[in-house]
Amino acid sequence: MDKITVGILAVQGAFAEHECTLHALGVRHFQIRQKRDLKRPMDALILPGGESTVMGKLLYELDLFEEIRRRILDGLPVMGTCAGLILLAREVEGHSAYLGTMDIRVKRNAYGRQLGSFYTEQDFKGVGPVPMPFIRAPYITKVMGQGEILAKADGKIVAARQGYQLAMAFHPEVSGDLRIHQYFLEKLVDK
């Protein structure tokens, strides 16, 4: 994993927490804030949690949208957490989709406002029980095509994988547990 470089979308949201997790794993990483940042070589991309509407708008305003979408469709491994999950989804209930690269349908703010945030520990396929902090979280209402359900919480789908794309409704980057990032790097990136 020491030869992997990960770009982290850093226009809004919890990108610093992903940086800390990658640093703890000894993985090179950099922030993507402007189009010129996409010129740097990367082996994978992280779309962090935050405000999906704001992030989607900034992807267009900063002229990042088309290039990021093209790279994902061309096979760049990507991990999306919370808002990142929403950005990847092909269908977003009640809203237009953003990048739309992953065959899932999501429900935004599914657990309510900030006061609806919660923490649980549930099984994550291939990893085992993991801490799952949910902050104004969405959940996945449907996995389609080649998608695979990786975790559920309270009967709702909260993690899925489709090929080189990994999406979660929770925030593994704030849990202190490195295993989800390790899973992403070992199973989807360093193949």
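**An aromatic cluster and its surroundings**

Modeller: Let us begin with one residue of this predicted model: Phe134 has a relative accessibility of 1% and therefore counts as buried.

Colleague: Which aromatic pair does Phe134 form with Phe170, and is it stacked or tilted?

Modeller: The pair of Phe134 and Phe170 is tilted, with 5.9 Å from centre to centre and 55° between the planes. Phe134 belongs to strand E8, whereas Phe170 sits in the loop between strand E12 (165-168) and helix H5 (179-189), so the pair ties together parts that are 36 residues apart in sequence. Both residues are buried.

Colleague: How many aromatic pairs does a search of the whole structure find?

Modeller: The search finds four. In one of them, the ring centres of Phe118 and Phe134 are 4.5 Å apart and the planes meet at 10°; planes under 30 degrees apart count as stacked, so this pair is stacked. Phe118 lies in strand E7 (residues 118-124) and Phe134 in strand E8 (residues 128-134), 16 residues apart.

Colleague: Is Phe118 buried or partly exposed?

Modeller: Phe118 has a relative accessible area of 29% and is partly exposed. Together, Phe118, Phe134 and Phe170 form one aromatic cluster.

Colleague: How is a helix to be read? Which residues of helix H1 are buried?

Modeller: In H1 (residues 15-24) the buried residues are Phe15, His18, Glu19, Thr21 and Leu22. Seen down the axis, they fall within an arc of 165°, so they line one face of the helix. The face turned away from the buried side carries the exposed residues Cys20, His23 and Ala24.

Colleague: Against what do the buried residues of H1 pack?

Modeller: They pack against strands E1 (5-9), E2 (28-32), E3 (44-47) and E4 (78-81), and also against H5. After H1 comes Gly26, with a positive phi near 75°.

Colleague: Turning to strands, what is the general idea about their side chains?

Modeller: In a regular strand, side chains alternate between the two faces of the sheet. The pairing of strands is read from bridges and direction. Here, strand E5 (residues 89-92) and strand E6 (residues 102-107) run parallel and are joined by three bridges; Ala89 has Met102 as its bridge partner in E6.

Colleague: Do E6 and strand E9 run parallel or antiparallel, and how many bridges join them?

Modeller: E6 and E9 (residues 139-143) run antiparallel, joined by four bridges. Tyr139 in E9 is the bridge partner of Lys107.

Colleague: What can be said of the chain as a whole, starting with its secondary structure?

Modeller: The chain has five helices and 12 strands. For 191 residues, a compact globule would have a radius of gyration near 16 Å, and the chain has 15 Å, which agrees. Its C-alpha trace spans about 40 × 35 × 35 Å along the principal axes.

Colleague: What percentage of the residues is buried?

Modeller: Buried residues make up 53% of the 191. Of the contacts with a separation of 6 or more, 64% are between residues 24 or more positions apart. The accessible surface comes to about 8,600 Å², of which 47% belongs to carbon and sulfur atoms.

Technical notes. Residues numbered from 1 in each chain as written. Predicted model: local features only at pLDDT ≥ 70, side-chain atom pairs only at ≥ 80, totals over all residues. Heavy atoms only, no water. Phe/Tyr/Trp six-rings, centres within 6.5 Å; stacked < 30°, edge-to-face > 60°. Helix = DSSP H or I, 4+ residues; strand = E, 2+ residues; numbered from the N terminus. Buried < 20%, exposed > 50% of the residue type's maximum accessible area, 1.4 Å probe, protein only. Arc of directions from axis to C-beta. Contact = heavy atoms within 4.5 Å. Pairing = 2+ DSSP bridges. Rg over C-alpha atoms; globule rule 2.2 N^0.38 Å. Areas by Shrake-Rupley, 256 points an atom, 1.4 Å probe, with all protein chains shown as cover.
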